[in-house]
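Open the model in your viewer and keep the selection panel at hand.

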Amino acid sequence: MERRIVITGMGMVCPLGCGVSESWENVIAGKSGIVPIRSFDATGFRCRIAGHLPETFTTDGYLEPKDARHLDTNTKFGIVAGIQAFADSGLDMSRENPLRGGCFIGSGIGGLATLEEQEARYLSKGVSKISPFTIPRIIPNSAAGHLSIRCNLQGPSYAVVSACASAGHSMEAAMDAIRLNRVDFALTGGCEGAVVGIGVGAFSAMRALSERNDEPEKASRPFDRDRDGFVMGEGSGVLVFEELEHAKKRGAKIYAEVLGAGSSSDAFHIVQPSELGDGAAHAIRFALADAHLNPEQIDYINAHGTSTHLGDIAETNAIKKVFGGDAYRVNVSSTKSQTGHLLGASGAVEMIFSVLAIQNGVIPPTINLDTPDPQCDLNYTPNHAVERECNYVLSNSFGFGGHNSSLVVGKYR
């Protein structure tokens, strides 16, 4: 019999809040977390806006100051969200076999702030001034390693790196480990802290970012005719996936059940999806099949919806290919309209929003959808949250390299 997987803990830091409750309240209220860049001097940059964490973000209570000094921002975000999730789950490692706990935390880029900082130090002051903490800070698996140490998770622990699908694939890795009886529970999700000069400058050079600098809160506008690129965001989302009987035995609260996952590759282009959306459609079909569900059973799709011209069209076409006439019935929304694009962390943050849509019977909106693109003609839940019972939700994440990840969660029954 297949081992069932449930979600028993959640943690989040994102541009809408420094915890799950605050972030959920703001996403449902239709607020934007996009602001002028404050992490570096963006004068002269084509894009000067980003989704920063609130200025109230702190590692106090999560990390000792001496430890925080030796960590990249990316890892700090992951540790804070991971500790939140682990505490929320109520897991007590004095009662658990540490070999039965895993940790799968992805990152699309890793410690980019450290890389930029240490390269500048090397060029200006010489090789002797490179910090000995450089490598442990920049490796993309840093958050997974630190969380496994802090939580004493001695089972499999690693980072999946697949650009903006990293968190989605990390959650799939956690599912596989539980289903194969290698672990009973796992921390899983993603983190990203790439709002630094080289990160913003490089994406700008690709003409991938919005340049609506005078109206930051209106810059991320998925599926809108006047979208002009995505907005970078930062933060982390981490969840606890747990085998059902293990969760029941210890009396854990259960948020939702993880029902299926699907992955595919576009095999088309390193940074552009095919407008037809075939690769994304394959991932969605695989996820539905894994969940033993039909398209008409899905109530809500948390879209990848980045606010890029081609990406939004491709995802719309993928949904139409899979859902047929039901594509117009299901509610779709992109919470990136509010958070910006958290790259390797986005799938986990959006999974948490998907779970909360099930819990609360409310669909988050796609804000800034003022003039719908004729090629994007689905029900994207424009500008205002709507009440709707959600039994089954699909969450999509697609990354550079043509990597596609879709996951299905549902009410625990």
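In which handedness of crossing does α10 pass α11? The crossing is right-handed, the term for a near helix turned clockwise from the far one by less than a right angle. Before going on: this is a predicted model, in which local features need pLDDT of at least 70, side-chain atom pairs count only at pLDDT 80 or more, and totals for chains, interfaces and linings use all residues. Residues are numbered from 1 along each chain as its sequence is written, and side-chain values use heavy atoms, with hydrogens and water left out.

Select residues 278-291 (helix α10) and 309-323 (helix α11): their axes lie 8 Å apart at an angle of about 45°. Helices are DSSP runs of H or I with at least four residues, and strands are runs of E with at least two. Axes are lines fitted to C-alpha atoms over the stretch in contact, with angles from 0 to 180 degrees between N-to-C directions. The two helices are therefore oblique to each other, a class left over once angles under 35 degrees (roughly parallel), over 145 (roughly antiparallel) and 65 to 115 (roughly perpendicular) are taken out.

Next, select Asp373, in the loop between β11 (362-363) and β12 (386-387). Asp373 counts as buried because its relative accessibility is 6%; the cut-off is under 20% relative accessible area, with a 1.4 Å probe and protein chains only. The Asp373 side chain reaches the backbone nitrogen of Gln375 at 2.8 Å.

Last, select Ser405 in strand β14 (residues 403-410). Ser405 is buried, at 0% relative accessibility. Show Gly347 too: its C-alpha atom is 8.7 Å from that of Ser405, 58 residues apart along the chain.

Key:
Buried means under 20% relative accessible area, exposed over 50%, partly exposed in between (1.4 Å probe, protein chains only). A polar contact is a pair of N or O atoms within 3.5 Å; within protein, one must be able to donate a hydrogen and the other to accept it, and residues adjacent in sequence count only if both atoms are side-chain atoms.
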